[in-house]
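Please read the following report with the structure open beside it.

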Amino acid sequence: MTFQVWGWRREASQLWAWVPDAEGGRRAAMPRRTPATKDPTAVERANLLNMAKLSIKGLIESALSFGRTLDSDYPPLQQFFVVMEHCLKHGLKVRKSFLSYNKTIWGPLELVEKLYPEAEEIGASVRDLPGLKTPLGRARAWLRLALMQKKMADYLRCLIIQRDLLSEFYEYHALMMEEEGAVIVGLLVGLNVIDANLCVKGEDLDSQVGVIDFSMYLKNEEDIGNKERNVQIAAILDQKNYVEELNRQLNSTVSSLHSRVDSLEKSNTKLIEELAIAKNNIIKLQEENHQLRSENKLILMKTQQHLEVTKVDVETELQTYKHSRQGLDEMYNEARRQLRDESQLRQDVENELAVQVSMKHEIELAMKLLEKDIHEKQDTLIGLRQQLEEVKAINIEMYQKLQGSEADLKEKNEITARLEEKTNKITAAMRQLEQSDSDLLTQTRTIAMSLVKCASSDTQDQYKLVKDISF
């Protein structure tokens, strides 16, 4: 889709020029000729960039001036999504399918999940939305969710960086492949200052027609005159948003009350069931109580009969006891006398046993003292043996050192003998040298004296030389 009107308006200001006339004034010159041809794809990219600038700027200004959260019915927001859809469609490659040709922006947007891990949640949410049947509807839902998350600029930035992957979806001259795409991504960062509350679930995004409304961006006198009406509409919208927010809070309160009622009904049903179970248990307990009472009456009757029989037997045994009591008393006196004798004998045995126990304790104490003395002597003996071993080791060491010292002393005596022999030889040699020196000196003096006697006719210098030699 091209917008030649914007390219014409931008170039129209450059068609006329002012040139000086003959009288020194200025006159309008004829329009200059523009280049014969211009790249249409570059014009399309420039037009889309300008539209994106106007759309983003108008959306931010209007949102900041109203100071409210944007919803799906806000016209500048709808136009923003239309412009973004056209920007993403520019230069998109046509893909063949079995039924028809496919040209949709869902392919590159779905690629964001692989490049940006945080985008997996938004992709899964879009695929789980009911009612979306076409890829274009999923792409529109993706753009709306990205705007609500304030991550649209981040997602598209990581997409335009991977141009080798984008080349599978776009032509080389597409907007997303050129610098204009990076500029639009930079402009999208400004949308993070606004909040968007969009209901994507119930909206029909498959059949919407994306047409750009240029009347929103072309200012005229009527728009300037309708500022008061816009202010009133903004106030009404603010009131509407307040009522909607109040209604939303009331709905949340009602839903919470409904949940509480449901929980109370569940708990009431549970209590009723527990009450029925308790009643059944009471009935069972009453039946068991009645049965136990009847059994108790039967047991009481049997016990009374048994007591009567037992009473008769006891009376008979009492009579028998009275007759045998006299013999029993005699037997008791005899047993008591035997018990007294046995007690005395036991006392004597216990006294003797106490004496034996005390003697045993004394013997055990003496044995312990003997064992202690033996252990101490054994420890002393072990210590003496250790000291004896240490003394033996010291004696052996001293003996070894003594033998080494005797060997060293013997070696030193031999060295001393050799040194004395060498000294004697040196002394004899020195004596010989002294003797030969004295003989040589005597001979030298003799020669000198003879030379003195023979040198009467020589010069004074020769006489002096002979004198020096002689002395």
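A residue is called buried when its relative accessible area is under 20%, exposed when it is over 50%, and partly exposed in between, using a 1.4 Å probe and protein chains only. This is a predicted model, in which local features need pLDDT of at least 70 and side-chain atom pairs count only at pLDDT 80 or more, while totals for chains, interfaces and linings use all residues. Residues are numbered from 1 along each chain as its sequence is written, and side-chain values use heavy atoms, leaving out hydrogens and water.

Buried residues make up 21% of the 471 residues.

Contact means heavy atoms within 4.5 Å; leaving aside neighbours within four places in sequence, Phe-80 is in contact with residues including Leu-59, Leu-147 and Leu-188. Leu-188 is also one of the buried residues of α10, together with Glu-180, Gly-181, Ile-184 and Val-185. Seen down the axis of α10, these buried residues fall within an arc of 140° (taken from the directions from the helix axis to the C-beta atoms), so they line one face of the helix.

**Salt bridges**

A salt bridge is a side-chain nitrogen of Lys or Arg within 4 Å of a carboxyl oxygen of Asp or Glu, and a search of the whole structure finds 14 of them.

| Pair | N to O distance |
|---|---|
| Glu-85 and Lys-89 | 3.1 Å |
| Glu-118 and Lys-151 | 3.0 Å |
| Asp-373 and Lys-377 | 3.8 Å |

Glu-118 lies in the loop between α5 and α6 and Lys-151 in the loop between α7 and α8, so this pair ties together parts that are 33 residues apart in sequence. Glu-118 is partly exposed at 47% relative accessible area, and Lys-151 is partly exposed at 23%.

Glu-85 and Lys-89, by contrast, are four residues apart in helix α3 and are therefore separated by about one helical turn. Glu-85 is buried at 6% relative accessibility, whereas Lys-89 is partly exposed at 29%.

Key: Helices (H or I, at least four residues) and strands (E, at least two) are DSSP runs, numbered from the N terminus.
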